[in-house]
Amino acid sequence: MPDLEWQKSSFSGGPESNCLYLATAPDGTIRLRESDTPETIMTAAPEGLAALLHALKAGTGGNSRL
């Protein structure tokens, strides 16, 4: 896989705190990683990530069962 261009989330803290980084992969998926464990990368479809963020903003993100 080619190198990804990681962008720091605007909601991340200062330079010494844990930060969330995002990148778009060539296949169109979104990759996420944290600064404290950069080798662990989560992959999400843009639609799924958008739905999760909307649910969290609405306060319903923790109310469903898997």
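Before the layout, some ground rules. This is a predicted model, in which local features need pLDDT of at least 70 and side-chain atom pairs count only at pLDDT 80 or more, while totals for chains, interfaces and linings use all residues. Residues are numbered from 1 along each chain as its sequence is written, and side-chain values use heavy atoms, with hydrogens and water left out.

I will start with the overall layout. Helices here are DSSP runs of H or I with at least four residues, strands are runs of E with at least two, and the numbering goes from the N terminus.

How much of the chain is buried? Of its 66 residues, 18% count as buried. Buried means under 20% relative accessible area, exposed means over 50%, and partly exposed is in between, with a 1.4 Å probe and protein chains only. The chain exposes about 5200 Å², and carbon and sulfur atoms supply 54% of that area. Those areas come from the Shrake-Rupley method with a 1.4 Å probe; for residues, only the protein chains shown count as cover.

Contacts next, meaning heavy atoms within 4.5 Å. Of the contacts between residues at least 6 apart in sequence, 10% join residues at least 24 apart.

Now the sheet. The four strands form an open sheet in the order S1-S2-S3-S4, with antiparallel pairing. Strand S1, residues 7-8, and strand S4, residues 37-44, stand at the edges with a single partner strand each, so one side of each has no neighbour in the sheet. Two strands count as paired if DSSP finds at least two bridges between them.

Going through the pairs in order, S1 and S2 are antiparallel and share two bridges. Gln 7 stands opposite Leu 22 of S2.

S2 and S3 run antiparallel, joined by five bridges, and S3 covers residues 30-34. Leu 22 stands opposite Leu 32 in S3, and Thr 24 has Ile 30 of S3 as its bridge partner. S2 and S3 form a hairpin with five residues between them, and Gly 28 in the turn has a positive phi of about 95°.

S3 and S4 also run antiparallel, over four bridges. A hairpin of two residues links S3 to S4. Glu 34 stands opposite Thr 37 in S4, and Arg 31 has Thr 43 of S4 as its bridge partner.

Pro 38 sits in strand S4 and, at 35% relative accessibility, counts as partly exposed. Pro 38 is 17 residues from Tyr 21 in sequence, with their C-alpha atoms 8.8 Å apart. Asp 3 lies in the segment before S1 and counts as exposed, at 77% relative accessibility. From Asp 3 to Ala 23 is 20 residues in sequence and 9.9 Å in space, C-alpha to C-alpha.

Last, the largest pocket. Which element gives the most to its lining? Helix H1 does, with five residues. Strand S2, residues 20-24, and helix H1, residues 46-58, each supply at least two lining residues. The lining includes Phe 11, Leu 22, Leu 32, Leu 53 and Lys 57. By class it has eight nonpolar, two polar and one charged residues. Here Ala, Val, Leu, Ile, Met, Phe, Trp, Tyr, Cys and Pro count as nonpolar, Asp, Glu, Lys and Arg as charged, and the others, Gly among them, as polar.

The space in this pocket is about 280 Å³. A pocket is an open set of points, on a 1 Å grid over the protein atoms alone, where a 1.4 Å probe fits, with protein on both sides within 12 Å along at least five of seven lines; lining residues have an atom within 4 Å of a point. Points are joined across faces, edges and corners, and the volume is the space filled by probe spheres set on them.
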